[in-house]
Amino acid sequence: YTSQGAQLISFGAGTTPTNLDMDSVGNVFVAERDSNRIEKFTPNGNSLLTFSVTRPQGIALDSSNRVYVTSHTTHRVDVFDSNGNFLFNFGSLGSGDGQFNEPTGIDIDSLGRIYVADFVNNRIQVFDSNGNFLFKFGTSGTGDGQIIAPYDVSIDNTGKVYVAEGGNNRIQVFHPNGNFLFKFGTAGTGNGQFLSAIYVAV
């Protein structure tokens, strides 16, 4: 689409696309959850390759075009090169530091730090580019800086972290270190309101 909402092209043949990201030359990587795969397309929508991932949910590429994929059924992040070759993974089922319970959204900041929405654990966890745990933020609740059912996370070019909360029907914005900055949205169907905010992109 254009910035005014006019459709340019459409592409894809997989089932239940849940998220996408682009590499440094504009190739598009799509997480196709019910097809259990990632599909790579040219900027014009021509399929280049696919590679298998169990129930992929979120996807993000770093500055080296490594592909990070969350799976909410294996409770981990799988990492691949841009040709779909497996490199490593991190995470396991649990609530401890570095563990996940249904990880969903994922994004990477300009320093290479990986932010993961830990859906059932109601928090955001942050890792270095090799999957080592750095810190976390968010506790379960409805107050400022508290989180219920974070579905997606996105980082702008200044490093601010935007979290879409399905449970609190809002977007919260955090400093890169996890400190609460501001929020917007309330439950409803009016302008500026949300019913289960699940995606965010900046």
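**Close-up views of a predicted model**

**View A. Aspartate 62 is a buried residue, since its relative accessible area of 13% falls under the 20% cut-off.** The structure shown in this and the following views is a predicted model. The partner of aspartate 62 is arginine 66, and in the salt bridge between the two the closest N and O atoms are 3.4 Å apart.

**View B. An open sheet is built from four strands, which follow one another in the order E5-E6-E7-E8 and pair in the antiparallel sense.** Its edges are taken by strand E5 (56-61) and strand E8 (86-90), each of which has a single partner strand, so that one side of each is left without a neighbour in the sheet. On average, and with direction ignored, neighbouring strands of this sheet are turned by 20° against each other. Strands of a sheet are held in pairs by backbone hydrogen bonds, whether the pairing is parallel or antiparallel.

**View C. Strand E7 pairs with E6 and with E8.** Strand E6 (residues 67-71) is joined to E7 by five antiparallel bridges, while E7 (residues 76-80) and E8 share four bridges, again in the antiparallel sense. Valine 79 can be followed across these pairings, as it is the bridge partner in E7 of tyrosine 68 and has phenylalanine 88 as its own bridge partner in E8. Valine 77, in turn, stands opposite phenylalanine 90 in E8. E7 is mostly covered, four of its five residues being buried. The side chain of aspartate 78 meets that of arginine 76 in a salt bridge of 2.9 Å, N to O; aspartate 78 is buried, with a relative accessible area of 4%, whereas arginine 76 is partly exposed, at 28%.

**View D. Hairpins connect E6 with E7 and E7 with E8.** In the hairpin of E6 and E7, four residues lie between the strands, and histidine 75, placed in this loop, has a positive phi of about 60° although it is not a glycine. Histidine 75 is also buried, with a relative accessible area of 13%. The hairpin of E7 and E8 has five residues between the strands, and in its turn it is glycine 84 that has a positive phi, of about 85°.

**View E. The largest nonpolar core brings together twelve residues, namely Ala60, Tyr68, Val77, Val79, Phe88, Phe90, Phe100, Ile106, Ile108, Ile114, Val116 and Phe127.** At least two residues of this core come from each of E7, E8, strand E9 (103-108) and strand E10 (114-118). Apart from this core lies another, of eleven residues, including Val126, Ile147, Val161 and Phe174.

View F. In the pair of phenylalanine 127 and phenylalanine 133, the ring centres are 6.0 Å apart and the planes stand at 80°, which is over the 60-degree limit, so the pair is edge-to-face. Phenylalanine 127 is buried, at 1% relative accessibility, whereas phenylalanine 133 is partly exposed, with a relative accessible area of 28%. Another aromatic pair, that of phenylalanine 137 and phenylalanine 174, is tilted, with 4.8 Å from centre to centre and 45° between the planes. This pair links distant parts of the chain, since phenylalanine 137 belongs to strand E12 (residues 133-137) and phenylalanine 174 to strand E15 (residues 170-174), 37 residues apart. Phenylalanine 137 counts as buried at 6% relative accessibility, and phenylalanine 174 counts as buried at 0%. One aromatic cluster is formed by Phe88, Phe90, Phe100, Phe127 and Phe133.

**View G. Asparagine 169 lies in the loop between strand E14 (161-165) and E15.** Although it is not a glycine, asparagine 169 has a positive phi of about 50°, and with a relative accessible area of 15% this residue is buried. Arginine 170 forms a salt bridge with glutamate 165, in which the closest N and O atoms are 2.6 Å apart, and both of these residues are buried.

**View H. Glu32, Arg37 and Glu39 are linked in a network of salt bridges.** Side chains of opposite charge can pair when their charged atoms come close. A search of the whole structure finds twelve salt bridges.

How values were computed: Residues are numbered from 1 along each chain as its sequence is written. This is a predicted model: local features need pLDDT of at least 70, side-chain atom pairs count only at pLDDT 80 or more; totals for chains, interfaces and linings use all residues. Side-chain values use heavy atoms; hydrogens and water are left out. Two strands pair if DSSP finds at least two bridges between them. Axes are lines fitted to C-alpha atoms, for helices over the stretch in contact, and angles run from 0 to 180 degrees between N-to-C directions. Rings of Phe, Tyr and Trp (its six-membered ring) pair if their centres lie within 6.5 Å; planes under 30 degrees apart count as stacked, over 60 as edge-to-face and the rest as tilted. Buried means under 20% relative accessible area, exposed over 50%, partly exposed in between (1.4 Å probe, protein chains only). A nonpolar core is a set of buried Ala, Val, Leu, Ile, Met, Phe, Trp, Tyr and Cys residues joined through side-chain atoms within 4.5 Å. A salt bridge is a side-chain nitrogen of Lys or Arg within 4 Å of a carboxyl oxygen of Asp or Glu.
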